[in-house]
Amino acid sequence: MKLLTHNMLTSHVKGVKNGFPLRILARKVEVRQIDFNPNFITRMIPRIDWSVLRAAAENLGHGQGLPESPPEEYESQEDFLKSAHHVLMEVEVLEGDLECPESGRKFPVTEGIPNMLLREDEV
Amino acid sequence: MARRPEHRGPPELFYNEDESRKYTVNSRMIQIQMQMAERALELLALPDDQPSYILDVGCGSGLSGEVLSEAGHCWVGVDISRHMLAVAQEREVEGDLFLHDMGEGLGFRAGTFDGVISVSALQWLCNADRKTQHPPKRLHSFFSSLYACMARGAKAVFQFYPENPDQMELITQQAMRAGFTGGVVIDYPNSTRAKKIFLCLFSGGAPSSLPKALGVDAVEGSREDQASFIGARRSLKRKGRGRVPIKSREWILEKKERAKRQGMTYVKLNSKYTGRKRKPRF
């Protein structure tokens with residue numbers, strides 16, 4: 001699971017009001033090379049909750065070089081876009097758990113695929 | 001055995017290792033899936049030269065995702081079958097994968113996706129495999145959570161196989177109730193084989209017009225404010241009396257016209273020689 005997706009993911013357990021952000025309890029993290037697409041990153045930056053992304057990256061030990069908040073006119077700053085690309089697209093959680101901040105429900109991640117299936121009483 | 005896969009059992013059990021394997025080795029299945037994904041992407045009508053963030057519902061082995069990657073988009077796939085996702089992972093698809101039941105509602109933040117596609121998945125929601133599952137409720141939680149996670153003005157295109165008109169009505173009704181506008185586009189409506197049903201939904205924004213279906217040029221001139229069963233009446237009258245003789249020129253032209261309507265590609269062009277008798281050799 002990429003951190004970009006983690007930034008969009010919320011818990012959908014019944015009764016949870018604010019299931020964002022899910023806490024990452026990672027056991028295995030991998031960095032995979034992906035082609036840099038500045039166009040796409042620029043488009044995604046306004047949609048991203050930056051503080052959540054930073055916290056998640058630091059939690060995984062890949063938070064170096066990330067500013068407090070996206071700089072103004074980030075479209076033209078390639079260094080910033082590259083570091084954002086690295087954190088968003090290349091850092092992947094392979095094994096671990098995602099924990100709902102409200103209910104404490106854990107969603108296991110195996111081989112990079114989070115299991116978001118709910119039990120019958122949670123739907 | 002039941003003909004429709006939905007009748008055989010729940011999707012997480014139907015798409016087992018054997019069934020999933022077919023999606024890597026069976027070239028016909030792969031071709032059909034890719035074609036439908038391409039058509040769905042075409043119907044999505046995303047702006048060119050702009051990489052988008054797309055959700056693939058029922059991504060399976062990631063064939064439709066490959067089409068998205070080729071078009072330069074980034075995607076996230078959800079599927080309920082572990083085995084299908086394992087196949088997707090084997091193929092090293094680019095998108096992020098989730099094991100997720102769409103009937104439980106999607107857990108994504110508001111305004112995340114620029115578009116949603118789904119190939120042959122929606123009809124699974126019309127079946128209740130467990131006592132606690134209630135299809136209208138599951139469709140409702142799916143569509144309402146989908147509406148929430150789509151960006152304003154985004155489109156969703158679902159290719160699906162409704163079992164009967166009731167299912168089609170149930171699905172469209174639940175989609176409209178969740179706030180979507182849009183409707184159904186049917187490619188090659190006159191053919192049983194080539195016919196493909198696409199549900200195109202728009203979220204928010206100005207309601208744009210539905211895209212045009214393929215292979216429907218023959219049924220032009222029907223007006224929406226009038227009853228459209230005149231053709232049926234005419235054909236009733238023609239039966240028996242006015243029928244053209246078999247193997248005549250008219251009969252051949254009619255047959256070719258019908259084949260064309262059904263989306264057949266091998267239909268030869270008409271010429272002055274069409275349906276003409278050969279002259280005797282001796």
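**Figure 1. Overview of chain B.** The secondary structure of chain B comprises 10 helices and 7 strands in this predicted model. Of its 282 residues, 36% count as buried. Among contacts in chain B with a separation of 6 or more, 68% link residues 24 or more positions apart.

**Figure 2. Helices H4 and H5 of chain B.** Helix H4 (residues 27–44) and helix H5 (residues 63–70) of chain B have axes that come within 8 Å and cross at roughly 50°. The two helices, H4(B) and H5(B), are therefore oblique to each other. The crossing in which H4(B) passes H5(B) is right-handed. From H4(B), the contact draws on B:Ile30, B:Gln33, B:Met34, B:Ala37, B:Glu38 and B:Leu41, and from H5(B) on B:Leu63, B:Ser64, B:Val67 and B:Leu68. The contact of H4(B) with H5(B) is made up, by class, of 7 nonpolar, 2 polar and 1 charged residues.

**Figure 3. B:Ala40 and the largest nonpolar core.** The largest nonpolar core has 86 residues, of which B:Ala40, B:Val116, B:Ile117 and B:Val157 touch the most other members. In soluble globular proteins, nonpolar side chains tend to be buried together. When neighbours within four places in sequence are left aside, the contacts of B:Ala40 are B:Ile117, B:Val119, B:Val157, B:Gln159 and B:Phe198. 

**Figure 4. The side of chain B that touches chain A.** Contact between the chains involves 21 residues of chain B and 25 residues of chain A. On the chain B side, strand S2 (74–79), helix H6 (82–90) and strand S3 (96–99) each supply at least two residues. The largest share of that side, 4 residues, is contributed by S3(B). By class, the side of chain B that touches chain A divides into 10 nonpolar, 7 polar and 4 charged residues.

**Figure 5. Surroundings of helix H6 of chain B.** Buried positions in H6(B) are B:His83, B:Met84, B:Leu85, B:Val87 and B:Ala88. These buried residues of H6(B) pack against elements of both chains, namely strand S4 (113–114) of chain A and helix H3 (17–25), S2 and S3 of chain B. Just after H6(B), B:Glu92 adopts a positive phi of about 55°.

**Figure 6. Packing of helix H3 against helix H6 in chain B.** The axes of H3(B) and H6(B) lie 8 Å apart, and the helices pack at an angle of about 35°. H3(B) passes H6(B) in a right-handed crossing. Residues B:Glu17, B:Ser20, B:Tyr23 and B:Thr24 of H3(B) make the contact with B:His83, B:Met84 and B:Val87 of H6(B). Sorted by class, the contact of H3(B) with H6(B) has 3 nonpolar, 3 polar and 1 charged residues. B:His83, B:Met84 and B:Val87 are also among the buried residues of H6(B).

**Figure 7. Helices H7 and H8 of chain B.** The axes of helix H7 (residues 135–149) and helix H8 (residues 165–177) of chain B come within 9 Å, crossing at roughly 45°. That angle makes H7(B) oblique to H8(B). The crossing of H7(B) past H8(B) is right-handed. In H7(B), B:Pro136, B:Leu139, B:His140 and B:Phe143 meet B:Leu170, B:Ile171, B:Gln174, B:Ala175 and B:Arg177 in H8(B). The contact of H7(B) with H8(B) consists of 6 nonpolar, 2 polar and 1 charged residues.

Terms used
Residues numbered from 1 in each chain as written. Chains lettered and ligands numbered in written order. Predicted model: local features only at pLDDT ≥ 70, side-chain atom pairs only at ≥ 80, totals over all residues. Axes fitted to C-alpha atoms, helices over the stretch in contact; angles between N-to-C directions. Parallel < 35°, antiparallel > 145°, perpendicular 65-115°, else oblique. Left-handed = near helix turned anticlockwise from the far one by under 90°. Contact = placed C-beta atoms within 7 Å. Nonpolar A, V, L, I, M, F, W, Y, C, P; charged D, E, K, R; others polar. Core = buried A, V, L, I, M, F, W, Y, C linked by C-beta atoms within 7 Å. Buried ≥ 20, exposed ≤ 12 C-beta atoms within 10 Å, placed from the backbone.
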